Amino acid sequence: MHGQIVKNTGSWYEVKADNGEMVLCKVKGNFRLKGIRSTSPVVVGDFVTFEKNKEGTAFISSIDDRRNYIIRKASNLSKQSHILAANIDLCLLVVTLKQPVTSAVFVDRFLATAEAYSVDVAIIINKVDLLDDEETLAAQNMAALYESIGYKTILTSVTDKIGLQQLPLLLTGKTTLLAGNSGVGKSAMLNHLVPEANARTSSISEAHLAGTHTTTFSTMYDLPFGGNIIDIPGVKGFGTFNFAREEVSHYFREIFKTSAECRFANCMHLNEPGCAVVEAVEKGTIAASRYNSYLNMLDDQEEGKYRSAF
């Protein structure tokens, strides 16, 4: 039989078969030995083939080729990578400027990875109801920055119903990944989009001004206006995975575009003469925050944090 993974509990996978039947599956024991060096060999969004044994237990035997996926460096260093979801049309990256603060480096690492693996991203700046005038201006400037690079950016508040009317038009007919740090309001946004999801929400931990995990398993939900949305546990950090050092700049759209004007084709945009990127940063036509994120990712490579995928 054939179907799509719609829920991953870690030990069981819920598969929606092509005939609409929902089937609980396990992964065949030898499946993990086929060179898949990942904490997540099968993920929500995967299309799989599965079979039932005489006892009625269903086992996943193979995965269809993935159209794309979002991957990060595994926090468990005995593994190599952690794939968040597969076969995605769009990712909604939910960020906040307050309670908690999403770092620019996290945003840019996520965007670079999505760029590398051919996933479109829209940025949702959430909880704007909590911002004072100065913070609101910062949110508007952030939105203007990423819009100028080519990323759809929406300012939202689930509490005050701000910006939410734009989401159905953006999501209809697509498989969308809902991602972001813990505490940014993903569960509340999911409940707005899919009321029957009844996703658990929690307040911010005042001790650390950070969110607590309320989503335990990755799950795909049908959107009432058409399409699907994949909810995953909050992502604390985002270690980029399997980038060659000389390719990092390719995944920053404005840096890659400007690099065509550098004197040397192999310019790393550090201190080389005739570097158009450094000149653009000095002029302010490339944001210093984006350039700093680029340098941060180069530091990862120098420290040997990247590993081969397989």
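Two strands are taken to pair if DSSP finds at least two bridges between them, and helices (H or I, at least four residues) and strands (E, at least two) are DSSP runs numbered from the N terminus. The structure is a predicted model, in which local features need pLDDT of at least 70 and side-chain atom pairs count only at pLDDT 80 or more, whereas totals for chains, interfaces and linings use all residues. Residues are numbered from 1 along each chain as its sequence is written, and side-chain values use heavy atoms, with hydrogens and water left out.

The secondary structure of the protein comprises seven helices and 13 strands. Strand 1 (residues 2-8) and strand 2 run antiparallel and are joined by five bridges, with Asn8 standing opposite Tyr13 of strand 2. Four residues lie between the strands of this hairpin, where Gly10 takes a positive phi near 100 degrees. Strand 2 also pairs in the antiparallel sense with strand 3 (residues 22-27), over four bridges, and here Glu14 stands opposite Leu24. The hairpin of strand 2 and strand 3 has four residues between the strands as well, and Gly20 takes a positive phi near 95 degrees. Within strand 2 (residues 13-17), Tyr13, Val15 and Ala17 form the covered face, while Glu14 and Lys16 form the uncovered one.

Buried residues (under 20% relative accessible area, with exposed meaning over 50% and partly exposed in between; 1.4 Å probe, protein chains only) make up 49% of the 310 residues. A nonpolar core is defined as a set of buried Ala, Val, Leu, Ile, Met, Phe, Trp, Tyr and Cys residues joined through side-chain atoms within 4.5 Å. The largest such core has 44 residues, of which Phe50, Ile60, Val121, Ile123 and Leu177 touch the most other members. A second, separate core of 26 residues includes Ile71, Tyr251, Val278 and Ile286. When neighbours within four places in sequence are left aside, the contacts (heavy atoms within 4.5 Å) of Phe50 include Met1, Val15, Ala17, Val23 and Ile60.

Helix 1 (residues 104-116) has 13 residues and reaches 18 Å from its first C-alpha to its last, close to the 18 Å expected at 1.5 Å a residue, the expected span being 1.5 Å times one less than the number of residues. Phe106 lies in this helix and is buried, with a relative accessible area of 5%; Phe106 and Gly180 are 74 residues apart in sequence but 9.1 Å apart in space, C-alpha to C-alpha. Just after helix 1, Ser118 takes a positive phi of about 60 degrees.

Eight salt bridges were counted, each being a side-chain nitrogen of Lys or Arg within 4 Å of a carboxyl oxygen of Asp or Glu. In one of them, the closest N and O atoms of Asp46 and Arg66 are 2.7 Å apart. This pair links distant parts of the chain, with Asp46 in the loop between strand 3 and strand 4 (47-52) and Arg66 in the loop between strand 5 (58-63) and strand 6 (69-73). Asp46 is buried, at 0% relative accessible area, whereas Arg66 is partly exposed, at 25%. The side chains of Glu254 and Arg290 also meet in a salt bridge (2.7 Å, N to O), which connects helix 5 to helix 7 (residues 288-302) across 36 residues. Both partners are buried, Glu254 at 14% relative accessible area and Arg290 at 0%. Asp108, Glu254 and Arg290 are linked in a network of salt bridges, and Asp108 is among the buried residues of helix 1.
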